[in-house]
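Thanks for coming. I have one model to go through, and I will keep to a few places in it.

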Amino acid sequence: MNHDHSILLVDDDPDLLRLLTMRLSAAGYQVSTADSAEAALAQLAVSQPTLVISDVRLPGLDGLQLFDEIRAQHPALPVILLTAHGTIPDAVDATSRGAFAYLTKPFDSHELLDKICQATSLSPGAKGDAGGDSRWREEIISRSQAMADVLAEARLVAATDASVLIAGGSGAGKELLARAIHRASPRARKPFVAINCGAIPEQLLESELFGHVKGAFTGAQASRQGLFQTADGGTLFLDEIGDMPPALQVKLLRALQERTVRPVGSNEAIPVDVRVLSATHRDLEVAMAEGQFRPDLFYRLNVVKLRLPPLAERREDIPLLAQHFLTLLAEKYRKTLNGFAPDALEALVAAPWPGNVRQLFNAVEQMCALATSPLIPLTLVQRALQAESPSQVLNYANAKQRFERGYLSQLLKLTAGNVADAARLADRNRTEFYRLLQRHGLVPQRFRDDATPEEASGQSDTKSPANSNT
């Protein structure tokens with residue numbers, strides 16, 4: 001069999017790890033191993049496998065706690081639990097909470113392979129990017145795990161007709177994600193139509209959505225189709241749905257329930273076949289509590305909710321995005337621009353970016369317009385940001401304890417595993433930084449671009465401050 005899937009095995013029994021690694025490798029799977037939940041979480045911070053197989057009994061955090069962590073951080077990642085007879089009730093409980101399956105030790109090899117086949121066939125990597133087809137998400141530039149998790153869920157939900165509510169700050173890329181879902185869906189060959197519900201006056205918004213007949217209102221000199229009809233067979237994206245006026249919310253709900261629209265001034269209901277994706281930067285639950293958004297419409301739209309992380313939560317994407325924007329804009333302005341000076345790039349990475357990706361694009365465009373040399377200097381970055389020194393952003397004291405592991409992982413990704421640079425960005429001395437890494441089982445070698453297979457899998461020893469030149 002030929003499998004394009006990777007499996008993370010977690011067990012503190014080295015003999016069982018060796019045996020399972022041999023069997024699964026022989027079956028064509030790529031296998032990595034961890035001897036504790038902490039080591040597994042450290043590996044997941046570097047790269048995400050297609051499937052995790054974990055023993056329930058582990059030193060430190062047990063397999064159930066590992067499952068809970070995976071479920072919270074990577075909800076689309078399937079987990080198979082291995083359990084002894086005494087822990088079956090716990091495993092059954094975990095399965096009811098979302099674990100893909102559990103097997104009792106000693107388990108049958110064929111049964112394990114069957115479960116793995118089932119789990120990987122449902123994994124988003126099985127039908128999406130694993131096969132090399134990433135065209136559906138080609139507009140989304142990212143290498144962060146946070147975005148990978150969102151895209152994994154988006155790839156799963158794209159195959160259905162479920163309504164999706166995309167939450168995220170202004171400029172985070174909500175429409176790009178909606179377009180990606182449409183391209184990955186069975187409706188991809190039909191229209192994708194987008195409208196910003198907060199940018200159009202209420203009187204015009206109803207006509208834009210549902211259409212109107214001739215003479216329906218002053219200026220309606222001819223009948224016109226609405227966007228529901230324009231998107232028939234395809235996808236309608238309602239951006240900033242939280243800004244839709246309450247009176248129009250009622251009419252939208254009726255259209256979604258009855259799958260028909262009634263143009264303004266008409267008594268005729270027209271059937272439509274449209275999948276609705278919506279997005280908002282507002283907290284709709286607060287809006288409901290304040291009487292500004294209808295609960296019945298909320299539940300109709302919020303069948304699946306995807307949250308786009310702000311740019312500040314995926315800083316490893318900033319150099320990638322900045323260079324991508326610079327390349328595009330250099331061509332637009334017909335300039336020779338090769339990149340950013342090291343201190344300029346460091347300032348970009350450290351900035352708060354409340355306006356998210358859109359703000360980054362606008363900042364890079366300003367730098368590009370004003371640049372007089374092939375390399376963007378720090379002065380242009382500071383002018384675009386109009387901010388003081390960004391060192392406070394990466395000061396470790398400001399990072400909350402619950403995000404400590406993710407914060408350290410981000411620093412190691414940004415510095416390609418260079419502990420000295422990572423410690424400097426975190427404003428910590430190297431000895432203390434190593435202690436923090438060891439507490440979370442993070443091995444710097446895994447984050448290096450030139451890591452050997454042994455280093456990438458965590459089989460080499462972690463260097464200590466005494467014997468490391470990192």
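Before the first place, one term: contact here means heavy atoms within 4.5 Å. This is a predicted model, so please take the values as computed.

I start with helix α15, residues 342–350. Its buried residues are Ala 344, Ala 347, Leu 348, Val 349 and Ala 350. What do the buried residues of α15 pack against? There are helices α14, α16 (356–370), α17 (378–385) and α18 (404–414), and also the strands β15 (339–340) and β16 (375–376).

Next, Arg 314. This residue sits in the loop that runs between β14 (304–307) and α14 (318–332). Is Arg 314 buried or exposed? Its relative accessibility is 3%, and because buried means under 20%, Arg 314 counts as buried. Its side chain makes a polar contact of 2.8 Å with the side chain of Asp 317. Beyond four places in sequence, the contacts of Arg 314 include Ile 141, Ser 142, Met 147, Val 357 and Gln 410.

Now the helix pair α19 (residues 419–426) and α20 (residues 430–439). Their axes are 9 Å apart and the packing angle is about 100°. Angles of 65 to 115 degrees count as roughly perpendicular, and α19 and α20 are therefore described that way. On the α19 side, the residues are Val 419, Ala 420, Ala 422, Ala 423 and Ala 426; they meet Arg 430, Phe 433, Tyr 434 and Leu 437 of α20. By class, that contact has 8 nonpolar residues, 1 charged and no polar.

Last, the cysteines. Cys 197 is buried at 1% relative accessible area, and Cys 368 is buried at 0%. The structure holds 0 disulfides.

Conventions: Residues are numbered from 1 along each chain as its sequence is written. This is a predicted model: local features need pLDDT of at least 70, side-chain atom pairs count only at pLDDT 80 or more; totals for chains, interfaces and linings use all residues. Side-chain values use heavy atoms; hydrogens and water are left out. Helices (H or I, at least four residues) and strands (E, at least two) are DSSP runs, numbered from the N terminus. Buried means under 20% relative accessible area, exposed over 50%, partly exposed in between (1.4 Å probe, protein chains only). A polar contact is a pair of N or O atoms within 3.5 Å; within protein, one must be able to donate a hydrogen and the other to accept it, and residues adjacent in sequence count only if both atoms are side-chain atoms. A disulfide is a pair of cysteine sulfur atoms within 2.5 Å. Axes are lines fitted to C-alpha atoms, for helices over the stretch in contact, and angles run from 0 to 180 degrees between N-to-C directions. Angles under 35 degrees count as roughly parallel, over 145 as roughly antiparallel, 65 to 115 as roughly perpendicular and the rest as oblique. Ala, Val, Leu, Ile, Met, Phe, Trp, Tyr, Cys and Pro count as nonpolar, Asp, Glu, Lys and Arg as charged, and the others, Gly among them, as polar.
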